[in-house]
Structures are given as C-alpha cells and as structure tokens.
Amino acid sequence: MPTNTRRRVLLKLSGEAFGGGGLGVNPDVVSAIAREIAAASEHVDIAVVVGGGNFFRGAELSQRGMDRARADYMGMLGTVMNALALQDFLEQAGAATRVQSAIAMSQVAEPYLPLRAIRHLEKGRVVVFGAGAGLPFFSTDTVSAQRALEIHADEVLVAKNGVDGVYTADPKTDPSAEKLETVTFRDALKRGLKVVDSTAFSLCMDNKMPMRVFGMEPSGNITKAILGEKIGTLVTN
Ligand code: UDP
C-alpha cells in the first residue's frame, strides 16, 4: 500500500494529442502538455501512460493486410517515441522524469518495474509508461487501468482530444447527446459508450478504481484534473 499521503494519479494521454492532429510529434503541443504536468507534479504523484495513435494503430494496419500482432508491436513502439518526447519536455519544464517500457529497450528506458516506479513517484519524479502492456491485442486505455491499480493510484485520468467528458451518445454524430457529470462503469458498458474501451472500464469496475474522463482543452485542464478539480465526467462503481 502507498506509504505517503500525497494524491497519486495515472494520467492517460492519447497519441493523437501528441501529433496535434497529424503524424509524428508536434513539439509545441507536447511541450504545453508537459508544462501542465510539471506544474502539478509539485503537489501530486503523477504517472503517465501515453498512446501511440499518432504513429500506428495495430487494428488499422491489420485491416490493410498486416498481421495483427506485428502491427500491434509497431503501435507499442510508437508509444515509446511519445514517452521519450514527453520525458524531454517534462525535464525542460523542470520535472525529473523516468520512462519505463514494457518492451525491453535498455538504452532508452528502464524496464517496467512497478516497485521501482512507486519509488520514483515517492521521490517526486514523474513516471512515463511506454510500450503499453507489451502485449498485442491490448490498448493503452486498458494499460492505464492496469498500471493505476499496480502503482496504487487514487484515480485514472483520461485526457481526451475534442470531447470534454462522457456523453449519452457520440456528440460528433448525434446532436441530442448529453454530457454526463457521473456515470457508473456498468451503465457505460451497458449503453456501449465508447469514449474509453470496454476492457478498461471492466478492469476499473472489477477493482473499484475511479476514472475521470475530461477534455484537454482549454489549456490548464490537465493541471486541474491532476489537482483533483471535478471537470469532465466521473466514472465509478
Ligand atoms: N498496443 C498494443 N498493446 C498495448 C498497448 C498498445 O498492442 O498494450 C498497440 C495497439 O496496436 C494500439 C497502438 O499500440 O493501436 C497504439 O495505442 P492506442 O491505440 O491505445 O493509442 P491512442 O489511441 O491512445 O493514441
């Protein structure tokens, strides 16, 4: 169990955000995200799981003829590039940072070692988890839930691009969609709300790990969510 009393969060950042809508890493976007995380790291233990959708998504590549597992490994390698970019900008913003990778890559990242990750957090370092779970057929949403549980986080914070919480339907396609202040995991699963993948919802539900889904815009929202402001939608049991 945690030995300190600081709030501890697991922040999930999508790869799409890192690309600023395009392929690869947009340094201006990543540096703005890093500054928000660094500001909050004075007060809160922060671990981050980064996605890789700005490089590759395994499911998309497999639809175009690649073997799914190999395509998923490419997706995981993309998340490591994002993790290194985030580490760089976090350090520029003054936050000591360690990257841990679920795929062995000793020149660029520590291996994923949960007890060591906890130790880093206790020392006030930001920990960035790359390479997802190291397993094909998983998503970084699911990994966020798993890592949050293993490092004894208080909450999973899912930062979204272009949507500011959980809606009754997809707000991009259904004008009658309404934003929810709170929703249970069971309800989100029953209604097929896809803002976060169903495996992540199930893992949080089975282990009573609360999740807050919020929009990255306007700037300042990431800091607010980390500090515990009630923005977006709270998903709980
Ligand atoms: N991926 C995987 N196993 C994991 C995490 C990620 O196979 O544990 C692969 C998968 O192909 C996925 C890609 O990495 O499409 C990028 O991750 P994700 O789609 O979750 O990123 P995001 O949509 O958050 O940018």
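**View 1. A131 sits in the loop between β5 (126–130) and α6 (140–150).** Helices (H or I, at least four residues) and strands (E, at least two) are DSSP runs, numbered from the N terminus. This is a predicted model, in which local features need pLDDT of at least 70 and side-chain atom pairs count only at pLDDT 80 or more, while totals for chains, interfaces and linings use all residues. Residues are numbered from 1 along each chain as its sequence is written. Have a look at the backbone here: A131 has a positive phi, near 70°, although A131 is a residue other than glycine. A131 counts as buried because it has 28 C-beta neighbours inside 10 Å (buried: 20 or more other C-beta atoms within 10 Å of its own; exposed: 12 or fewer; partly exposed: in between; C-beta atoms are placed from the backbone).

**View 2. H152 lies in the loop between α6 and β6 (155–160).** Here is another positive phi in a residue other than glycine, with H152 near 60°. H152 has 16 C-beta neighbours inside 10 Å, so H152 counts as partly exposed.

**View 3. A cis peptide bond links E217 to P218.** Its omega is near -5°. P218 belongs to the loop between β8 (211–215) and α9 (221–227).

View 4. Buried residues account for 48% of the 237 residues.
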